[in-house]
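Subject: Structure for your review

Hello,

Please find the structure below, with notes on what turned up in it.

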Amino acid sequence: MGKYNELAVLYEVSPRLIELREPRELARQVLDWAMSMIEASSGVLVQEKKHGIFEVLACRGDEKLARSCLGGVHSLLVNSVRQGKSEIVNNAMEDYRVTTDKANGEGGKPVLSGLLCAPILDLGGAESVSGAVLLFHSRAQEYTARDIKLLQCLACQTGMALQNNRRGRKLCL
């Protein structure tokens, strides 16, 4: 996707996210946008429920890959959310934060080659939201700074939309 198309998608995102009231629907749409701009085998959007415990709001692509890899990258995910720092991992099986027994498939074959993780930042207050958007690739893929910046933009807008939706639901009650 060219720069102009990426900018057009990012420009469209905010108003469309505001229209989406259901968190799972919003998460699915964010993953669709992310995977249209960044090559990935699968994607997951998670929201933190308790300290270090995440709920999957949506999966896209190879869901089996996404769910098996999620357990293998738990420490990376927790650190990314805690520190508010995005991560690029281009050789997952050699990264100490990836638990290889959980990121391997049948017969011990690696199923995870690379990943991107962008935290959905805690925006403070009683309606705080935290979580992350993760993209996984099962074959060699060199993710770049451009890829993580795009994912960070989507994660930031997602955090604001989730928080606004939560506030809106409270007002309606």
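Lys49 counts as exposed, at 51% relative accessibility (exposed is over 50% relative accessible area, buried under 20%, partly exposed in between, with a 1.4 Å probe and protein chains only). Lys49 makes a salt bridge with Glu55, with 3.2 Å between the closest N and O atoms; the term stands for a side-chain nitrogen of Lys or Arg within 4 Å of a carboxyl oxygen of Asp or Glu. Salt bridges with shared partners link Arg24, Lys49 and Glu55 into one network.

Before going on, the basis: this is a predicted model, in which local features need pLDDT of at least 70 and side-chain atom pairs count only at pLDDT 80 or more, while totals for chains, interfaces and linings use all residues. Residues are numbered from 1 along each chain as its sequence is written, and side-chain values use heavy atoms, with hydrogens and water left out.

The structure holds nine salt bridges. In one of them, Glu55 meets Arg24, the closest N and O atoms being 2.4 Å apart. Glu55 belongs to strand E2 and Arg24 to helix H2 (residues 23-37), so this pair ties together parts that are 31 residues apart in sequence. Helices (H or I, at least four residues) and strands (E, at least two) are DSSP runs, numbered from the N terminus. Glu55 is partly exposed at 23%, and Arg24 is partly exposed at 31%.

Arg82 and Glu48 also form a salt bridge (2.5 Å, N to O). Here helix H4 (residues 74-83) supplies Arg82 and strand E1 supplies Glu48, so the pair ties together parts that are 34 residues apart in sequence. Arg82 is partly exposed, at 38%, whereas Glu48 is buried, at 12%.

Strands E1 (residues 42-50) and E2 (residues 53-61) run antiparallel and are joined by eight bridges; strands pair if DSSP finds at least two bridges between them. Gln47 stands opposite Glu55 of E2. The hairpin has two residues between its strands, and Gly52 there takes a positive phi near 80 degrees.

In helix H3 (residues 63-72), the buried residues are Leu65, Ala66, Cys69, Leu70 and Gly72. They lie on the same side of H3, because they cover an arc of only 155 degrees around the axis, taken from the directions from the helix axis to the C-beta atoms.

Regards
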